[in-house]
Amino acid sequence: MLVVDDDPFIARLLEIELKAAGYDVRVANNGRQALELAQERCPELVVADVMMPSMDGFELTRQLRLDQRTASVGVIMLTARGLSADKVEGFAVGADDYVVKPFDTPELLARIRGTMRRAKELRVYSPLTGLPGNARIEEEIDERLSSGTPMAVLATDLVDFRAYNAHYGFERGDEAIAFTAKLIGDVIAEGMLTHTFVGHVGGDDFVVICDAPDGADLAERLVARFDEGVLDLYDPPDRVRRSIEVESRRGEPQQFPVVTIAIGVATTEQRWFEHHAEMLAVATEMREYARSTPGSSWAIDHRTA
């Protein structure tokens with residue numbers, strides 16, 4: 001477990017309490033140091049203060065989620081600020097839970113156990129979608145790479161999903177995730193792509209592994225089908241406006257467009273990969289590029305090296 005707090009008293013208190021509870025604890029004094037430690041050896045859980053110099057807890061969580069080595073780590077944020085907008089931002093960047101200081105130690109320990117349990121389950125399978133999680137995804141990619149099977153990896157993400165979650169609540173958010181999982185399965189079944197694997201990384205992130213020639217066509221059809229069905233997730237007034245309103249951290253209303261899907265594709269048609277982390281990193285890079293394009297979109301890597 002990794003504890004991150006720039007207040008040495010709080011950091012030491014957490015270290016003592018967590019070690020007494022049986023956890024192996026490392027301590028970082030700021031976000032940058034925590035990121036380096038996590039990349040060096042990924043912890044099962046990160047307990048991080050929000051307000052820190054150099055790199056705050058929000059940015060630390062964002063960086064952890066962008067790195068395939070740490071993308072599945074559980075994150076609990078600690079903060080003296082209990083505003084709902086702060087919590088929304090924490091969840092938006094990928095935090096699993098949010099605890100307000102001063103915290104009650106038994107409650108914190110219970111939240112830690114819950115977060116670690118959910119993270120462990122998600123590495124095996126997703127209880128929401130029934131799809132395999134990170135460990136099985138990585139195993140599938142490595143197996144295909146070892147066998148020399150030409151393949152494509154599609155990394156998907158829902159753009160503005162966090163705003164949707166904040167507006168409609170987590171139950172509706174889960175419905176949107178289940179809708180996406182079903183849509184991916186339906187498109188694969190319709191195309192009779194029998195050699196295709198689908199995994200649920202967590203939240204609104206999915207990974208699809210298919211034969212190399214099918215990658216671009218599958219991405220194109222997923223984008224089209226998502227745009228056809230996504231409006232059904234919205235209430236009629238929001239559907240007509242094609243937007244929702246969410247309060248910002250300053251209490252000001254913000255307009256967010258309808259959720260879209262971004263897909264990044266890495267393929268072995270142009271170059272080979274030695275490890276699942278390399279291929280997932282390229283697919284994620286392409287996905288982030290697709291996110292920068294307005295509306296649902298996909299991008300494929302054509303580089304040869």
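Predicted model: local features only at pLDDT ≥ 70, side-chain atom pairs only at ≥ 80, totals over all residues.
Good morning. The largest nonpolar core holds 37 residues, and the members that touch the most others are Leu154, Tyr164, Leu218, Leu222, Tyr234 and Ile263. Two or more residues of this core come from each of strands E6 (151-159), E8 (205-211), E9 (243-247) and E11 (260-267), and from each of helices H7 (161-168), H8 (170-190) and H9 (215-229). Helix H8 gives the largest share, 7 residues.

Leaving aside residues up to four places away in sequence, Tyr234 touches Tyr164, Tyr168, Arg172, Arg239, Ile244, Pro257, Val258 and Val259. There is also a second, separate core, with 21 residues, including Leu2, Val4, Leu35 and Leu60.

Let me now turn to helix H8. H8 is 21 residues in length and spans 30 Å from its first C-alpha to its last, close to the 30 Å expected at 1.5 Å a residue. Which residues of H8 are buried? They are Gly173, Ala176, Ile177, Thr180, Ala181, Leu183, Ile184, Val187 and Ile188. Viewed down the helix axis, the buried residues of H8 lie within an arc of 155 degrees, and therefore they line one face of the helix. Glu171, Lys182, Ala189 and Glu190, on the other side of H8, are exposed.

What covers the buried residues of H8? The covering elements include strands E6, E7 (197-202) and E8, together with helices H7 and H9. Finally, just after H8, Met192 adopts a positive phi of about 50 degrees. Thank you for your attention.

Note on methods:
Residues numbered from 1 in each chain as written. Heavy atoms only, no water. Core = buried A, V, L, I, M, F, W, Y, C linked by side-chain atoms within 4.5 Å. Buried < 20%, exposed > 50% of the residue type's maximum accessible area, 1.4 Å probe, protein only. Helix = DSSP H or I, 4+ residues; strand = E, 2+ residues; numbered from the N terminus. Contact = heavy atoms within 4.5 Å. Expected span 1.5 Å × (residues − 1). Arc of directions from axis to C-beta.
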